[in-house]
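Work through the exercises below with the sequence and the 3D structure at hand, and try each task before reading its solution.

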Amino acid sequence: MKNNNDLYEVFLRSIRGIDHRHVGSLHADTPEQALIYARDVYTRRSEGVSIWVVKSNQISASQEEDCESFYDPMDDKPYRHASFYVLPEKVNNM
Amino acid sequence: MTNTYNDALYQYVLGLADDALILGQRTSEWCSRGPFLEEDISLSNLALDYIGRARMFYQYAAQVEGLGRNEDDLAYFRDERAFSNLLINELPNYDFAFSIVRQYFIDVHACLYLEQLKRSSDVHLAQVAEKAIKESRYHLKRSETWVLQLGQGTSESHERMQNAIDELWGYTGEMFLMSEVETQLLTSGVCVDRSALQVSWSAQVSRHLSVSTLAVPEQQWNVAGGRKGEHSEHLGHILAELQIVQRSYPGLQW
């Protein structure tokens, strides 16, 4: 038996049709136990209709130092936004 | 002398209420003392489920009694000998393994019991059972997971679990004993024939203990008496803590 060392990230779907959103994290030994705790810790006031738990160490995350190379190149590419284009007059609503 | 139907119903519902209140109060003792934060919150939720269940039964018992008493009167102003909870509910927590094993035994029983109570000819009781069984199915999932984990865990967790099983085993028989009023109410289809649940309970528990590498005790001793108000020394202490505020300041609200 492990000593509830594993950290899990908890995602909740608040109502049907809405995406799961990250709500926090918790410690548990197994995925089953993580679901049980997620239910008790994050849905006690009817916050959700569906729960996902994911081991935190299974998540690959971008890093702060990646910001320059990841996001700056997008700053000078306005043509990727719809608003860059002038619509023909005949198109009223888009 | 047999009781009138109303008396019998009152005593029957009161027994179910006392079971829930005493276990809820006992479980609430883990609040702030849980082994880690998540389990602490989980145990407190469990305790609150049982307090909620107790309220539903007490409110109905008070209504059936029809003497103008309310749920608080029944919970806070009856003495030890008037409490009719099964003994397994009043035993101290001792250690985490003990609380988990107790809860597991009770959860398996509750799921079987409430499934039958849902079909009670008493509409009110059937409705309470409908609500309560959803909680109990979740409680069982929780306690089953823990039994497996601690049974298959370290040598210490395994030993503590086995000790708890051996200690609690003799208190499980009482869960299947029909009281006088239950026997009386059985014909009208109000209450559950708890004696008929023992075979399923034993089979289910034996299977899960075995998977969890835990042994079913061979001992044959059984303790009973809770339904008649004959309790262990532990009930007085838990009632003292439970009742002191209302007894000191009757009618106090907060």
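Two exercises follow, each with a worked solution.

This is a predicted model, in which local features need pLDDT of at least 70 and side-chain atom pairs count only at pLDDT 80 or more, while totals for chains, interfaces and linings use all residues. Residues are numbered from 1 along each chain as its sequence is written, chains are lettered from A and ligands numbered from 1 in the order in which they are written, and side-chain values use heavy atoms, with hydrogens and water left out.

**Exercise 1.** Describe the fold pattern and the dimensions of chain A.

Solution. Begin with the elements: chain A has 2 helices and 3 strands, where helices (H or I, at least four residues) and strands (E, at least two) are DSSP runs, numbered from the N terminus. Along the sequence they follow the pattern β-β-α-β-α. Next, take the dimensions: the C-alpha atoms of chain A fill a box of roughly 65 × 35 × 15 Å along the principal axes.

**Exercise 2.** Locate A:Asp29, decide whether A:Asp29 is buried or exposed, and find its side-chain partner in chain B.

Solution. First, A:Asp29 lies in the loop that joins strand 2 (21-28) to helix 1 (31-42) of chain A. Second, A:Asp29 counts as buried because its relative accessibility is 5%, and buried means under 20% relative accessible area, exposed over 50%, partly exposed in between (1.4 Å probe, protein chains only). Third, the side chain of A:Asp29 makes a polar contact with the side chain of B:Gln149 at 2.6 Å; such a contact is a pair of N or O atoms within 3.5 Å, and within protein one must be able to donate a hydrogen and the other to accept it, while residues adjacent in sequence count only if both atoms are side-chain atoms.
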